[in-house]
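Colleague: I am new to reading protein models, and I would like to learn how to follow strands, sheets and salt bridges. Could we go through them together?

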Amino acid sequence: MPKLQISLPDGTQNLFELIEDTITVGRVEDNMIQIDDASVSSHHAELVRDGDEYLLRDLDSTNGTRLNGTAHTEGRLKDGDEIMFGKIDAIYESEHSAAAAQAAAQPMPEEAAVAMQPATQSVQPANFANASPFERKEKKKDPVGMAILAFAGVAILVFVFAVISVFGLKSPL
C-alpha cells in the first residue's frame, strides 16, 4: 500500500496510507490529509491514483508544490520522491518498495561481547591549543580606528582645558 510520510516543523512525523483514488492535501479540515501550517494552502494539492501509483497535482496553491526540488503543477510519483507542500517536507513510498523492504528484511545479528582493557598510561597534553578543529581568529589592527580614537581623546582634553580656562577667568572690574 503506498504511503506518504509528512515531517512537521516540530519534528513529528505522520505516516498516511494512501487507500483512496483521490486524496486531498491542505490546511483545512475537509482535506483527507490536513497539514496545519501557514505555508500550506487551504486546498493545496491532490494525489490521484493512476494504476498502481499516484499523480501529484498542485491546486494553484500560494506557496507551490515541489517534487524533488522542482516546482510542479503535476507529476507522477515514484518511490522515494521528496515532496514539499509549501515549507512542509513529505516522502512518497510506493507499494512496491514496502513489499521489497519486507522481503529483504534480515534478522539482527547476535550481540557479541566486547573485551575492554583499561589504558596502562595516560599523557597529559602540554596545552589544548591543538584540541580545537577551528582556527583561532587573529586580532586585526586598525590604524584608522586608532587614529580616530587618538584624535577624539586629544579633542576631549582640549575641550576640558578650554572649559577650565573660561571658568578661571576673572572679570576686569
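Predicted model: local features only at pLDDT ≥ 70, side-chain atom pairs only at ≥ 80, totals over all residues.

Colleague: What is the order of the strands in the open sheet of six strands?

Modeller: The order is S2-S1-S11-S10-S7-S8, and the pairing is antiparallel. S2 and strand S8 (70-71) stand at the edges with a single partner strand each, so one side of each is left without a neighbour in the sheet.

Colleague: How many bridges does S11 form with strand S1, and how many with strand S10?

Modeller: Strand S1 (residues 3-7) pairs with S11 over five bridges, in the antiparallel sense, and one of the facing pairs is leucine 4 with its partner tyrosine 92 in S11. Strand S10 (residues 82-85) is also antiparallel to S11, with four bridges between them, and here isoleucine 83 has alanine 90 in S11 as its bridge partner. The hairpin of S10 and S11 has two residues between the strands, and glycine 86 in this hairpin takes a positive phi near 65 degrees.

Colleague: Which residues of strand S11 make up its covered face, and which its uncovered one?

Modeller: In strand S11 (residues 88-93), the covered face consists of Ile88, Ala90 and Tyr92, while Asp89, Ile91 and Glu93 make up the uncovered face.

Colleague: What is the order of the strands in the open sheet of five strands?

Modeller: That sheet has the order S4-S3-S5-S6-S9, and its pairing is mixed. Its edge strands are S4 (33-34) and S9, each of which pairs on one side only. Within this sheet, S3 and S5 run antiparallel and are joined by four bridges, with valine 25 standing opposite alanine 45 in S5.

Colleague: Turning to side chains, how many salt bridges does the structure hold?

Modeller: The structure holds four salt bridges. To read one, look for a side-chain nitrogen of Lys or Arg within 4 Å of a carboxyl oxygen of Asp or Glu. One of them joins aspartate 21 and arginine 49, at 3.2 Å from N to O. Aspartate 21 lies in the loop between strand S2 (13-17) and strand S3 (22-26), whereas arginine 49 is in strand S5 (residues 45-50), so the pair ties together parts that are 28 residues apart in sequence.

Colleague: Is glutamate 46 buried or partly exposed?

Modeller: Glutamate 46 counts as buried because its relative accessibility is 16%, which falls under the 20% cut-off. Its salt-bridge partner is arginine 57, with the closest N and O atoms 3.4 Å apart, and arginine 57 counts as partly exposed at 28% relative accessibility.

Colleague: Where in the chain are arginine 76 and aspartate 50?

Modeller: Arginine 76 is in strand S9 (residues 74-76) and aspartate 50 in strand S5, so that the pair links distant parts of the chain, 26 residues apart. Their salt bridge has its closest N and O atoms 2.5 Å apart. Arginine 76 is partly exposed, with a relative accessible area of 45%, and aspartate 50 is partly exposed as well, at 33%.

Methods. Residues numbered from 1 in each chain as written. Heavy atoms only, no water. Buried < 20%, exposed > 50% of the residue type's maximum accessible area, 1.4 Å probe, protein only. Pairing = 2+ DSSP bridges.
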